[in-house]
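Here is a colleague's note to read alongside the model, arranged as numbered points. Please keep the sequence and the 3D view open while going through them.

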Amino acid sequence: MTASVCEVSDLTVAYHSGTEWLQAVRSVSFEVRRGEILAVVGETGSGKSTTATAVIRMLPANGRVTSGRVLFDGRDLLTLSVRDMRRLRGQEIAYVPQQPMSAFNPTMTIGRQVAEPLVIHRGMNERKAAPQAAHRLKEMGIHDVPRVMHSYPHQLSGGMLQRAMIATAMICQPRLLILDEPTSALDVTIQRQILSLIKQVQADYQLAVILISHDLKVVSEVADRILVMYGGRGVEVGSTPDLMNASRHPYTRGLLRSTMRAGLDHKSKLASLAGYPPNPHEVDKEPGCPFRPRCPRAVAECAERFPPGAFEDGHGWACYNPEPAS
Amino acid sequence: MAAPALEVHARAFQRASILDLARHWWPVALIAVWLLIVLVPGLLAPQDPLAVNTLNILAPPSGEHLFGTDHAGRDLWARCVWGVRYSLGISILIVVGAAAIGTVIGGVAGLFRGPVDALLMRTTDVFLAFPYLILAIAIASAVGPGLTTVVVALTAVWWPGYARMVRGQVLALKELPFVEGARAAGTSTLMILFRHLLPHLLPQLSARLSMDVGYAVLAMTGLSFLGLGAQPPTPELGTIIADAHSHLLSAWWYTTLPGLFVLAMVLSSMVVSDWLEARNKSQFS
Amino acid sequence: MSLVAQEVSKHFVTARRWPLPAEVTVGVDRVECSVEPGLTLGVVGESGSGKSTLARLLLGLLEPTSGLIEFEGKPIGKFGRAQWRAFRRSVQPIFQDPRSALNWRHSIQTIITEPLGNFGLGAEEQKQKALALLEQVRLPTHVLKRQTSDVSGGQLQRVAIARALALDPRYLICDEPLSALDVSVQAGVLNLLLELQSSRRLAMMFISHDLEVVRHVSDRVIVMYHGAVMEDAPAVDLYRQPRHPYTQVLMGRASPLAEDATAPTDIVARADGKLDSHCPFADRCPMRQQRCFIERPLLRELVPRHSAACHFA
């Protein structure tokens with residue numbers, strides 16, 4: 001087993017909203033190893049993006065990590081000085097935010113923006129950094145590099161911008177790459193290409209990747225392991241085949257059952273999860289399992305305390321009454 | 001994804017207006033005090049602002065006349081309080097009237113586009129290009145000076161600003177999906193303007209409105225000071241200052257008090273406008 | 001008894017360059033389709049393919065640049081006031097994101113009853129009808145008094161469906177009705193739409209980028225690219241044997257040669273509105289030949305009821 005690059009333990013994050021603190025992420029633990037893609041999957045309000053921004057310490061001003069540790073190379077990122085953290089970010093840890101269109105500065109050419117980390121972190125001048133930027137863009141599968149370098153963001157398609165975004169993230173050769181919903185704004189054909197690009201970059205550089213997504217089906221194509229989040233809790237984690245074929249948590253099972261697949265009768269009724277995702281204002285008052293109100297397998301204990309994790313060969317789930325192993 | 005979700009729900013919190021009122025009591029109190037003065041000036045100033053007393057002219061502040069008397073022996077405090085009624089009350093009328101005209105014209109122009117839009121907006125530009133002072137002088141020379149002159153002149157030059165702003169807003173809002181949804185539900189164009197667009201315009205309109213009240217007070221007292229507006233003995237602040245300026249050296253209180261009232265009104269309008277703007281921002285960003 | 005698009009085009013003027021001719025982009029390019037009672041017309045395509053423009057044309061929210069939209073045999077361009085009212089009653093939309101498609105300053109009751117008020121129902125009747133509608137879309141009645149920000153996205157989309165059903169329409173134009181929703185509630189909303197279609201014999205147009213969902217709900221599917229129909233076939237045939245190279249690319253059965261590098265709005269037509277005389281997909285097509293750059297392929301029937309716009313399909 002390869003060494004873990006980033007280890008998150010017992011992470012709890014709260015937001016201050018008007019009058020009170022609301023916990024958006026509650027006691028979440030996971031690790032990412034060298035050369036692996038970990039997908040963090042969840043729906044609105046599950047805390048998946050908050051988890052990512054907490055790891056790189058880029059929470060919005062009203063957010064705080066209230067407990068937990070984020071070990072990167074044995075150092076706790078949460079206790080680093082702001083300066084050390086800034087040095088790490090962009091060099092060792094790269095982050096690709098949602099929406100490539102709005103993540104680029106509309107008044108600067110793509111070439112300058114891709115090269116920018118080199119100017120900032122390595123003190124290069126722009127002229128020296130430009131060939132490296134061009135090289136990275138080429139590596140990201142862009143054929144028309146000179147034109148893209150001199151384009152402004154609004155002149156390029158979403159897929160092209162996402163490639164440029166990944167080039168920017170990779171330019172200092174980080175060891176951990178965090179991508180927040182890298183494909184959800186893109187078309188199906190482009191989605192596939194970006195995912196295979198991520199896979200290829202990850203393999204070439206033996207990167208550790210955290211891939212945040214709302215779509216279990218899409219990430220299952222590239223992820224090595226998947227962490228499923230619901231209502232701020234990690235509910236199931238395991239290798240992709242374990243999770244897709246032998247999930248134990250009723251939420252994961254329900255999601256998989258309700259997704260479309262070949263072999264369904266035309267216009268037939270789909271299996272669907274009852275109810276709606278929890279309101280983020282109420283979910284952190286839930287002492288038990290946040291999925292309980294929608295869960296077909298809920299038992300009395302579920303209302304009292306969040307279930308402890310059960311593990312079997314690296315496949316873990318937090319449920320008192322898990323689905324039978326299939 | 002978690003953070004935006006929280007914001008969406010946070011909006012529900014901010015709508016709790018009772019909480020809001022408790023936290024922002026002072027701008028509300030400010031508005032209440034000024035409105036009280038405008039509606040019932042007699043409450044704060046029981047003396048008659050028009051009662052002449054030739055035996056007691058230009059009396060300095062004293063127990064009987066808290067802020068002294070003017071050159072006709074009238075109580076200055078009473079005149080200033082009643083002056084607020086005229087200056088502020090009529091300024092509010094002017095600005096609200098201008099906003100109403102501007103909103104309808106701008107809204108119709110933005111919604112219908114085409115030749116209607118072109119005609120309305122070119123008309124607006126003509127009014128926008130007209131300096132209010134010259135217009136007021138022109139009207140005054142035609143019908144004579146007075147409050148009506150001020151109201152007509154200021155309303156005529158004030159509405160184009162609102163028409164432009166509302167048109168721009170409507171053009172942007174019109175593209176929002178819910179407007180198309182309303183059209184598909186069979187809602188008529190005018191109903192879309194009133195039911196769907198106006199509620200979205202109100203926050204910005206109200207901020208601008210309250211700021212413009214301050215500017216209107218300045219413009220109005222200015223016109224009166226020049227003799228184009230309210231005529232003596234009407235206790236209007238500009239008129240009072242015009243009367244007072246020849247006594248500047250002998251009776252300091254005579255110009256100071258009405259001046260302070262004008263200053264306070266303008267400052268209040270800016271403060272209220274800032275508050276409204278900050279409130280909108282926290283609510284709709 | 002159907003809603004039909006005949007050779008419909010929609011061009012948008014992007015820049016006026018008087019005295020030069022204006023710059024025009026093509027939103028929809030000579031599309032033919034028909035929405036029929038009890039059946040679903042699926043529309044697939046990527047962003048910028050003109051799917052949403054087509055929906056807005058069929059809803060009568062946009063006026064076509066050329067071509068006809070016929071509602072039950074009559075062209076809607078010539079409708080008078082009364083006919084428009086009848087059209088609005090019968091054809092209703094469901095948009096992608098209910099948070100922006102419904103006025104968030106209105107209460108849910110106002111949202112649901114607005115169309116009823118437009119057609120002259122009294123206040124008490126409106127409320128009764130709203131309660132009945134909530135039951136049909138499986139929402140608890142207390143939702144009526146809530147504001148949009150108090151309910152989740154999935155619930156709000158059900159509110160949007162209730163509003164669309166308020167006038168007992170016969171046509172539903174659904175523009176990506178699931179894609180803004182959480183994965184765990186999508187299946188429920190889809191089930192509801194299918195159920196309503198069968199109980200009310202609704203004619204449905206279902207626009208989506210999700211091919212699997214379109215396959216599940218559609219009887220007939222059109223595939224759009226750069227505003228034009230590339231392939232038009234019964235759903236079963238299309239998924240069994242996609243004929244157009246673009247459809248094959250979409251389904252992951254072939255890979256495109258290149259990614260569209262430019263932003264999708266950059267499809268600039270010549271000033272006279274005529275498109276260039278080559279296949280719009282030629283730049284990326286894995287099967288392209290010399291001919292594709294010279295002659296634009298027209299939609300032609302390959303087997304009965306299955307057509308594609310490709311020289312080599």
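1. Two residues are in contact if their C-beta atoms, placed from the backbone, lie within 7 Å. With that in mind, residues 24 or more positions apart account for 65% of those contacts in chain A that have a separation of 6 or more, and in chain C the corresponding figure is 66%.

2. A word on reading this note: this is a predicted model, in which local features need pLDDT of at least 70 and side-chain atom pairs count only at pLDDT 80 or more, while totals for chains, interfaces and linings use all residues. Residues are numbered from 1 along each chain as its sequence is written, and chains are lettered from A and ligands numbered from 1 in the order in which they are written.

3. Chain A contains 11 helices and 12 strands, where helices (H or I, at least four residues) and strands (E, at least two) are DSSP runs numbered from the N terminus. Its radius of gyration is 21 Å, close to the 20 Å that the globule rule gives for 326 residues, so chain A is as compact as a globular protein of that length; the radius is taken over C-alpha atoms, and the rule is 2.2 Å times the number of residues to the power 0.38. Along the principal axes, the C-alpha atoms of chain A fill a box of roughly 65 × 50 × 45 Å. Of the 326 residues of chain A, 47% count as buried, a residue being buried if 20 or more other C-beta atoms lie within 10 Å of its own, exposed if 12 or fewer, and partly exposed in between, with C-beta atoms placed from the backbone.

4. Chain C has 10 helices and 13 strands. For its 313 residues a compact globule would have a radius of gyration near 20 Å, and the value of 21 Å for chain C agrees with this. The box filled by the C-alpha atoms of chain C, taken along the principal axes, is roughly 65 × 50 × 35 Å, and 49% of the 313 residues of chain C count as buried.

5. Within chain A, helix α4 (residues 110-121) deserves a look, with buried residues that include A:Ile110, A:Val114 and A:Leu118. The buried residues of α4(A) pack against α5 (126-139), α6 (145-149) and α7 (158-170) of chain A. After α4(A) comes A:Gly123, whose phi is positive, near 65°.

6. Where do chains A and C touch? In this model 31 residues of chain C are in contact with 32 residues of chain A. On the chain C side, α6 (153-165), α7 (183-200), α8 (211-217) and α10 (245-250) each supply at least two residues, and the largest share, eight residues, comes from α7(C). By class, this side of chain C has 14 nonpolar, 12 polar and five charged residues; Ala, Val, Leu, Ile, Met, Phe, Trp, Tyr, Cys and Pro count as nonpolar, Asp, Glu, Lys and Arg as charged, and the others, Gly among them, as polar.

7. In chain B, the axes of helix α5 (residues 114-128) and helix α7 (residues 147-174) come within 8 Å and cross at roughly 135°; axes are lines fitted to C-alpha atoms, for helices over the stretch in contact, and angles run from 0 to 180 degrees between N-to-C directions. Residues of α5(B) that meet α7(B) include B:Met121 and B:Phe127, and those on the α7(B) side include B:Val157 and B:Pro160. The residues of this contact divide into seven nonpolar, one polar and two charged.

8. Helix α5(B) also packs with α4 (residues 76-112) of chain B, the two axes coming within 7 Å and crossing at roughly 145°. Among the residues that meet are B:Ile105 and B:Phe112 in α4(B), and B:Leu120 and B:Met121 in α5(B). By class, this contact has seven nonpolar, two polar and one charged residues.

9. Most residues other than glycine have a negative phi, and most peptide bonds are trans. A:Asp313, in the loop between β11 (310-312) and β12 (315-317) of chain A, has a positive phi near 50°, and with 8 C-beta neighbours inside 10 Å A:Asp313 counts as exposed. C:Asp168 has a positive phi of about 50°, lies in the loop between α6 and β7 (171-175) of chain C, and counts as exposed with 10 C-beta neighbours inside 10 Å. The peptide bond from B:Pro232 to B:Pro233 is cis, with omega near 10°, and B:Pro233 is found in the loop between α9 (189-225) and α10 (237-244) of chain B.
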